[in-house]
Structure formats: structure tokens, C-alpha cells
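Colleague: Please walk me through this model, starting wherever you like.

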Amino acid sequence: MTTRYGPPPVTDAERLLETAYRQARLGLAEGGIPIGAALFAADGTLLGEGRNRRVQHDDPSVHGETDAFRAAGRQHDYSSTIMVTTLSPCWYCSGLIRQFGIGSVVIGENRTFRGGEDWLIEAGVLVTVLDDQRCVGMMTEFIAERPSLWNEDIGVRPNGANP
């Protein structure tokens, strides 16, 4: 099932998700958190791809979206770009999307975590949620197997309290 909060991106969202999903699988194989992302031009040209590497780099700022954004290099205008991510972007990554005016976001799934989607929509970002079962399954399994690492990633304190 696909949920669209605005017009669909210019290119095929399911095809674009494959790059982010592949990145998430790589991150999982490396012992990290399985969240992948990619930044595309409006015509579907891949600008950059990445994955959550908080564990691998011992760096809390390396989320999937930030890794893809950095890999894309400097762009003069982000308004027609499409950020594709396997999981709903957290507030940190939603801030990056808003700060640089990324025009569209494609989300693999938002069942296991829902970040700043509504905030993005309020800012005029076109959000497409694919509800991809592979993404749901991967995150559900990861959360069940590594709950403390997952809680660390989303900012839940060891006692279960949110900051």
C-alpha cells in the first residue's frame, strides 16, 4: 500500500527505494542499524547514497539520510531532489530536509517509527510512504533483536524515558 501526502515524485518511487534498501542491508551486515537512504535528482539520477553508520563510525550524527546527503556533495538547489529512506526520517534528518529545501521524500515504512513527516508536509515537502513489507520486516526484526541499540538511535534513555 502506498500513502501519498502530495503528488508522487517524478520518477518511480519503488525503483528508487531499491538503492536505500540495499544500503540498509549493508548497514545491518556491518553490525549497524539497518536504515538506508539515497538522494536523487528529479529525473532519477542517483546523487548520493548512504546508511546509518552510528555504530560503524562511533558517530551519532551519521544517520542514513545525512550519509546520503554528504555523499551527494554540494548541490546548488535541492528543491527538485528526492530523499529516499527506508524508515521515516527522525527529527534530526527531517531538519536536514527542511534546512536545505529537499522537495520530496519517499519513505519505505513508518510503522516501526514515525519521525517528522507531518512537520515536513507542513513545510510543503511532498511525502510518499510506500509501506514496503521488506523495510517493515527488517526493522521489526532488528528492534526485537537489538532493542537497546534501537532505543539509543531514537533517543530513548536506558530507563525507557524520552529526553
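Modeller: I would start with Thr-85, whose side chain reaches the backbone oxygen of Leu-87 at 3.1 Å. The side chain of Thr-85 also makes a polar contact of 2.9 Å with the side chain of Glu-65. A polar contact is a pair of N or O atoms within 3.5 Å, where within protein one must be able to donate a hydrogen and the other to accept it, and residues adjacent in sequence count only if both atoms are side-chain atoms. Before we go on, this is a predicted model, in which local features need pLDDT of at least 70 and side-chain atom pairs count only at pLDDT 80 or more, while totals for chains, interfaces and linings use all residues. Residues are numbered from 1 along each chain as its sequence is written, and side-chain values use heavy atoms, with hydrogens and water left out.

Colleague: Fine. Where does Thr-85 lie?

Modeller: Thr-85 is part of strand S4, residues 82–87; strands (E, at least two residues) and helices (H or I, at least four) are DSSP runs numbered from the N terminus. With a relative accessible area of 0%, Thr-85 is buried, where buried means under 20%, exposed over 50% and partly exposed in between, using a 1.4 Å probe and protein chains only.

Colleague: Moving to H3, how many of its residues are buried?

Modeller: H3 is mostly covered, with 7 of its 9 residues buried, namely Gly-64, Glu-65, Thr-66, Asp-67, Ala-68, Phe-69 and Ala-72. What covers those buried residues includes S2 (36–40), S3, S4 and H4. After H3 comes Gly-73, with a positive phi near 75°.

Colleague: And how do H3 and H4 cross?

Modeller: The axes of H3 (residues 64–72) and H4 (residues 91–99) come within 9 Å and cross at roughly 35°; axes are lines fitted to C-alpha atoms, for helices over the stretch in contact, and angles run from 0 to 180 degrees between N-to-C directions. On the H3 side Glu-65, Thr-66, Phe-69 and Arg-70 meet Tyr-92, Cys-93 and Leu-96 of H4.

Colleague: At what angle do H6 and H7 pack?

Modeller: H6 (residues 133–145) and H7 (residues 147–154) pack at about 110°, their axes 5 Å apart. H6 is therefore roughly perpendicular to H7, since 65 to 115 degrees counts as such, with under 35 roughly parallel, over 145 roughly antiparallel and the rest oblique. Met-139, Phe-142, Ile-143, Ala-144 and Glu-145 of H6 make the contact with Pro-147, Leu-149 and Trp-150 of H7.

Colleague: Is Phe-142 buried or exposed?

Modeller: Phe-142 is buried, with a relative accessible area of 3%. Beyond neighbours within four places in sequence, Phe-142 is in contact with Leu-28, Gly-32, Ile-33, Pro-34, Leu-149 and Trp-150. Phe-142 and Pro-34 are 108 residues apart in sequence, yet their C-alpha atoms are 7.6 Å apart.

Colleague: Which side chain does the side chain of Asn-52 join in a polar contact?

Modeller: The side chain of Asn-52 joins that of Asp-153, at 3.2 Å. Asn-52 lies in the loop between S3 (46–51) and H2 (54–57), and is buried, with a relative accessible area of 1%.

Colleague: Last topic, backbone angles. What is the phi of Asp-58?

Modeller: Asp-58 has a positive phi of about 50° although it is not a glycine. Most residues other than glycine have a negative phi. Asp-58 sits in the loop between H2 and H3 and counts as exposed at 71% relative accessibility. Asp-131 also has a positive phi, near 55°, but counts as buried at 10% relative accessibility; Asp-131 lies in the loop between S6 (126–129) and H6.

Key. Contact = heavy atoms within 4.5 Å.
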